[in-house]
Amino acid sequence: MTAFQNIIDFLSLKEANVRYVVLGTILLSVASSVIGCFALLRKRALIVDSISHSILPGVCIGFMVSGTKDPFFLLAGAMLTGWLSIYFIDIITRYSKIKADTAIGLNLSVFFAVGILLLTVIQNSGNPNQSGLSDFLFGKAATMVLADLYVFGGMALFVISGVALFYKQFVLLSFDLHFAKTIGLNIKFYEFILSILTVMAVAIGIQTVGVVLMAAMLITPAATARYWTDNLRKMLVIAAVIGALSGIVGAFISYSYENMPTGPWIVIVFSLIAMLSMIFSPKKGIVAKWMRQRRNAHKMMEDNILKAFYHLGEKEGDFFKKRTVEDLMGLRKFERNKLLNGLKWLSAENTIVHINNTYVLSKRGKATGARIVKIHRLWELYLKKYLRVADDHVHDDAETIEHIITPELEIQLEKLLDYPTEDQHNQKIPYSK
Amino acid sequence: MIIHTENPIIEVHDLTVSYNNKPVLWNVDFTLPAGEMIGIIGPNGAGKSTLLKSLMNLIPNNSGYIKLFNDDLDKVRHKISYVPQRESVDWDFPASVMDVALMGRYKPNNIFKRFTSEDKDIAAEALKRVNMLDYAKRQISQLSGGQQQRAFLARALAQQADLYLMDEPFAGVDASTEKTIVELFMSMKAEGKTILVVHHDLQSAADYFNWILLVNTRLVASGPTKEVFTPEMLRETYGGKLTVLTKVGEIIAETQFPIRES
């Protein structure tokens, strides 16, 4: 079977087993990503990691009690020890001198150690049902059957509906706990619900993602979604989509390759999405930042060229004389290549006209140049009058500020300084009329 | 000097509150009149914010009781609005200014319902009163300190309470925002609201408040500003902690001794 055919088989969802795996993984990913947003906003990411490691002993106990891999028993055990770990962290931080991060570290390692011990005991016990139990460490989505889907999918739906139902309460809890208390919200109750839903979301990941990596399933999609929006509802949806996409890819790999754990693949996929988001997201991404800087540099260059034209015109009393590159470079230390680029942009915008090897300001170009010179000189006056900056110190500041003053601020500045005709260096301030 | 009032809106009786078994408020006992602008004044660590928090039952008390509107807190919550310190929340939370103002419309009995158009009008009106309506859609992390404080005040206004408890509303805001906030408080007072403000600037205190509580672990004074805001009282409040009281507090904390026998 070729890889291509594999993909077709998988995507067509022809086989019932594939359908269970895909549906189960999507439900689980959506549930954990959504509840993870609240864990992230409440700064409980580490607690989630502690829960995910703490469910291993519970899974083992569930198996020891029932003697089978019945998901009911495994989940019951998982939830019990998962919840116990939250409880212990709470108790330790409240009644001892140990701080939260230390308490979390202690819990995580102790519970996980006990889990591994129990797992070893089970593996040595010779119980034939125990084969595959170690898959719970890193997950194996492909082993999901219809009965599993009912249990795991049902619980995932429960978590999702819980978030939908208690959305407002969870928002209040996460943003301002004290305020929530003062309006009479039953904080203890809703915190309990939120932690139970969180434990559930972690526990249902045991088969698909595995205990070790389940924390990432809650936190990474949420952290990634935060890059794309400042709106909590949108953040929940984006996190759910990222989680589901990664889940499907992980499930596909688990389906195609025998003995390939699912969890690590899911984590790798959404970590990739997280990285891409850091680079490409529209407002907070690295590329967006870089583009902004480039745009700024672009504007500064254009402004500076027009200003140079204007200064030359001012000096010689002729704004529309043909200028060469050397003329401009004689006035201001431009880098030749950058200057040529800038001239090209300005010609394209028709603020200057390119004739043979010379350049001429257009009317619009002159107006823009005049505006920049005006703002520069107004700003120098403003610095002198309102910030008491010495006359020989005002120029450098004005060189930057002239590019960012908006038309509204320009009007304010003119009014504030009462429409001066000259700056402190006796240079004329050019107004547009 | 503790001056009591008839028909108080707040009555605090023998209140003692401690952190980690160390008393931060000791045997505080006072009554406050309705419809006034009241300041809680005292040095850092004097228990001013603690007093506000215990009024709202946000921290447990060791002894004493509190009556608000001559009733238990739980029966009159809807008439009270509490504004925590601005730094107490993470302003990077994904919410808009309007979202914050709308939180003032949450009540335990409507929390499962959608906001009505009336709720939205009230929130918008509240934002207008603090000059923040133009910023309604803005993400709260982009706000300046003064704007954050005004967003919090809008949330409080949207609660339409009768009694407002404000924890350091003037901390870290610029002069013009402080002026806006004071004017807002004055207009609220004119509407008959009672405003209790934790404040630490002595210069402005006499201008802002017509009733003042002077606190430094114990209650030094409570009464009309003219009577209690005197140099002697201020010296007593700011003259440092009482040595014996501090020592006893330390012993209680060290020995983990109970603050009341039973």
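1. Chain B comprises 10 helices and nine strands, where helices (H or I, at least four residues) and strands (E, at least two) are DSSP runs numbered from the N terminus. The radius of gyration of chain B is 19 Å, close to the 18 Å given by the globule rule for 262 residues, so the chain is as compact as a globular protein of that length. This radius is taken over C-alpha atoms, and the rule is 2.2 Å times the number of residues to the power 0.38. Along the principal axes, the C-alpha atoms of chain B fill a box of roughly 55 × 40 × 35 Å.

2. This is a predicted model, in which local features need pLDDT of at least 70 and side-chain atom pairs count only at pLDDT 80 or more, while totals for chains, interfaces and linings use all residues. Residues are numbered from 1 along each chain as its sequence is written, with chains lettered from A and ligands numbered from 1 in the order in which they are written. The scores are ipTM 0.89 and pTM 0.82. For chain B, pLDDT (the predictor's confidence in each residue, from 0 to 100) averages 90, and 98% of the residues score at least 70.

3. In chain B, three strands form an open antiparallel sheet in the order 2-1-4; strands pair if DSSP finds at least two bridges between them. Strand 2 (22–32) and strand 4 (63–68) are at the edges with a single partner strand each, so one side of each has no neighbour in the sheet. Strand 1 (residues 10–19) and strand 2 of chain B are joined in the antiparallel sense by seven bridges. Among the residues involved, B:Tyr19 has B:Lys22 of strand 2 as its bridge partner.

4. The largest nonpolar core has 167 residues, and A:Ala31, B:Ala101 and B:Leu165 have the most contacts inside it. Such a core is a set of buried Ala, Val, Leu, Ile, Met, Phe, Trp, Tyr and Cys residues joined through C-beta atoms within 7 Å. Helix 2 (residues 16–41) of chain A supplies the largest share of this core, 14 residues. A second, separate core of 15 residues includes A:Met301 and A:Leu346.

5. Of the 262 residues in chain B, 41% are buried (20 or more other C-beta atoms within 10 Å of the residue's own, with C-beta atoms placed from the backbone). Among contacts in chain B with a separation of 6 or more, 72% join residues 24 or more positions apart; a contact requires C-beta atoms, placed from the backbone, within 7 Å.

Technical notes: A residue is buried if 20 or more other C-beta atoms lie within 10 Å of its own, exposed if 12 or fewer, and partly exposed in between; C-beta atoms are placed from the backbone. Two residues are in contact if their C-beta atoms, placed from the backbone, lie within 7 Å.
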